Structure formats: C-alpha cells, structure tokens
Amino acid sequence: MTGNYPLTRLRRTRASAWSRTLHRENILTPADLIWPLFITSGEGVEEPIASLPGVSRWSVDLIVARAQEAVALGIPVVALFPNTPHDLRSADGAEAHNPDNLMCRAIRAIKAACGDTLGVLTDVALDPYTSHGQDGLVDEAGYVLNDETVAALVDQAVNQARAGADIIAPSDMMDGRIHAIRQALEMNGFPNVQIMSYAAKYASAFYGPFRDAVGSGGLLKGDKKTYQMDPANGDEALREVALDLAEGADSVMVKPGLAYLDIVRRVKDEFAVPVFAYQVSGEYAMIEAAAAAGAGDRDALVLETLLAFKRAGASGILTYHAPHAARLLHG
Ligand code: PBG
C-alpha cells in the first residue's frame, strides 16, 4: 500500500474532547487568581463603581464577607485598595501612615476572620492618600521626588505589615524602594512578609476606572510618565525586574496585562522567578463592554484572556473577574 498521506496530522489530537483534554498544555485554576478589592468607609456600605460594572467598593465589615467568599472559591489572595475619604487626603499623604486607616482596618478584619486560609496583599503607593493623586511626594513643579517618596513608602509598608499584611506590593515605580522596604521589614521583625513588586509597570491608558474606584482620578494633575514605564520599551522592563530581584523582591509583576504579554514571557524566560500579571481595570471594562455590546460571550472571553496569561508564563493573575472566573472553573 502506498499513498501520499500527510505524515503529521495536528488535527488528529484535536478530534475528540478527551484528547483535547489530554494534550492541553496550560490550565487555569482558581488558585491562579488574586482578587483586587476596593475599601470604603462606613458600615454595611456597598458602592458600585460606574466605570467598572459589577465591581463595588465595600466597607470593612462587608470586605470580610468578600474575603470569606474568596476562600470558599479557592482564591488564595486578595489585593486591597482604599478609597480614602477626601478630607483625609493631603499633599504628603500622611493618612498612609495612620495605623487605623481604612487599609489597616481591613487587613486586621480579614486576617481575624480568615487567618492563614487567605493571603492579604497590600498596595504601597501614596495615590489613594494624596490630594494631588500622584503616587509620591511632589516638589513645587509637580515632579515626584524619588528618595523622599521612598522614605514615605517604607513607613507605609511597615504600617501595613504591623496590621498583618502578608504581601507588600509596591506599585509606585520609585527607584530603590524594594531594597529600602526589605530592610525595614527585616529590621521591624517581619522576615516572612513577602514583597511582590510591580516591577514593570507602564504609564498606561488602561488605569482610568481604577482611579475612579480609589477616588484619585479627578484629583490627578498631569500624568505618571516620569516614573511609570514607556509602553514602547521592553528591554527596560528586564532591567527593572533585575533590580527589584536584586533588591529582595520575592516575586515580580507586569502591568497592565494583555497588551504586555510579551513582557511576561520575556521576564519568565530570562529570570525563571514567579511572575504575576495584572489584568487592570480598563481591560476588565473593555471585556464587559464587549460582552454587553454582544461582541463576544462574556464567560468565554474571561476564561480565554485569563488562560493567555498562564500560556505567557504567569504564575498568577490579578483580575476583577476573579470570583466570576473561579465560579466558572468550579463548573
Ligand atoms: C497606583 C495604582 C494604579 C493601579 C494599581 N495601583 C493606577 C495608577 O498607577 O494610576 C491600577 C490598577 C487598575 O487599573 O486596575 N499606585
């Protein structure tokens, strides 16, 4: 018998569901997800965020319920962001250092309720606390000062660690802050508090709804281009990651997500360390808008985009779709 058949048929292994399951290279599970949560003041308060349909700010008592929901869904970590009352915002963001600020109260309440069953990741940057909406301290010209800001971030990080934070996540992009925060955590008796650095964070147009959520959007003058990265740059991301690892970061983050999957892959290949990606607010809003417009099936879009992060080499994904995706994955 002779014939001119193809030697390899890649469709063969795709021909049945069991075979597709067997050959699947990557898998998304609830354990890959980190759920960002917004905190607001008061009690029994839920405030829907218009630009993030389906996402709300919760008062501390209700945040605890969200944290318990995360545990029940198999989501290992929540990420906290406060919407500081506007009368507590100032040029120097002093409220960041208050041991009873919204963030610290939420950390304590969640850790009291969930203990070791849930990790609490806290954002370190001054933007939810400053009257000008920048992530750091500014001079008269509005320039964000590096070393003065690092000193403030160190205090902010130790304040969060004292309240019980498990992972400190500096999102400010100042130079040298990972080293300074690591030293301060060690000196203050927190050798096992981790640092997940927002190592490659870009000056992106995808952060708009987040700034609404933490109430800094209307306050922000100018942009963040003097500290966040230029979207044109890839090699520079590797330098940022190398520095943060040398300074003591346990894991690194790339942000935003889908538009920067090449960076996730390059970081993973170059450093072989835990890399996380943040599918940010504007990405979430885009998927929701597409689904609402009938341009795609919401559930399928959510799972496909999240799986793409795993394929790119991410160890996990921060996403506002976390509870929805976890429910879908549980079937
Ligand atoms: C600020 C911070 C931002 C996000 C997380 N931390 C926004 C910014 O840099 O202006 C964005 C997250 C999102 O858009 O979902 N420190």
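## Buried and exposed

Buried means under 20% relative accessible area, exposed means over 50%, and partly exposed lies in between. Lys-111 has 19% relative accessibility, so Lys-111 counts as buried. The model discussed here is predicted.

## Salt bridges across the chain

A search of the whole structure finds 15 salt bridges. One of them joins the side chains of Lys-310 and Asp-32, at 3.0 Å from N to O. Lys-310 belongs to helix α10, residues 298–312. Asp-32 sits in the loop between α1 (17–23) and β1 (33–40). Lys-310 is buried, at 17% relative accessible area. Asp-32 is buried too, at 9%.

Lys-111 has a salt-bridge partner in Asp-166. Their side chains meet at 2.8 Å, N to O. Lys-111 is part of helix α3, residues 102–114. Asp-166 is in the loop between α4 (146–163) and β6 (167–170). This pair ties together parts that are 55 residues apart in sequence. Lys-111 counts as buried at 19%, whereas Asp-166 counts as partly exposed at 24%.

## Arg-182 and a linked trio

Arg-182 forms a salt bridge with Asp-250. Their closest N and O atoms are 3.8 Å apart. Arg-182 lies in helix α5, residues 177–187. Asp-250 is in the loop between α7 (235–246) and β8 (251–255). The pair links distant parts of the chain, 68 residues apart. Arg-182 is buried, with 9% relative accessibility. Asp-250 is partly exposed, with a relative accessible area of 38%.

Salt bridges can also join up. Arg-66, Glu-69 and Arg-327 are linked in a network of them.

## Positive charge on the surface

Four arginines gather in a patch of positive charge on the surface: Arg-9, Arg-11, Arg-12 and Arg-14. Arg-11 lies in the segment before α1. Its relative accessibility is 68%. The cut-off for exposed is over 50%, so Arg-11 counts as exposed.

## Aromatic pairs

The count of aromatic pairs comes to eight. In one of these, the rings of Phe-38 and Tyr-320 have their centres 5.8 Å apart. Their planes stand at 10 degrees, so the pair is stacked. Phe-38 is in strand β1. Tyr-320 is in the loop between β10 (316–319) and α11 (322–330). The pair links distant parts of the chain, 282 residues apart. Both Phe-38 and Tyr-320 are buried.

Phe-81 and Phe-210 form an edge-to-face pair. Their ring centres are 5.0 Å apart, with 90 degrees between the planes. Phe-81 lies in strand β4, residues 77–82. Phe-210 lies in helix α6, residues 208–213. The pair ties together parts that are 129 residues apart in sequence. Phe-81 is buried, and Phe-210 is buried as well.

## The aromatic cluster

Key. Residues numbered from 1 in each chain as written. Predicted model: local features only at pLDDT ≥ 70, side-chain atom pairs only at ≥ 80, totals over all residues. Heavy atoms only, no water. Helix = DSSP H or I, 4+ residues; strand = E, 2+ residues; numbered from the N terminus. Buried < 20%, exposed > 50% of the residue type's maximum accessible area, 1.4 Å probe, protein only. Patch = residues over 30% accessible without salt bridge, like charges linked within 9 Å, V, L, I, M, F, W, Y side chains within 5 Å. Areas by Shrake-Rupley, 256 points an atom, 1.4 Å probe, with all protein chains shown as cover. Lys, Arg positive; Asp, Glu negative; His and termini not counted. Charge placed at Lys NZ, Arg CZ, Asp CG, Glu CD. Phe/Tyr/Trp six-rings, centres within 6.5 Å; stacked < 30°, edge-to-face > 60°.
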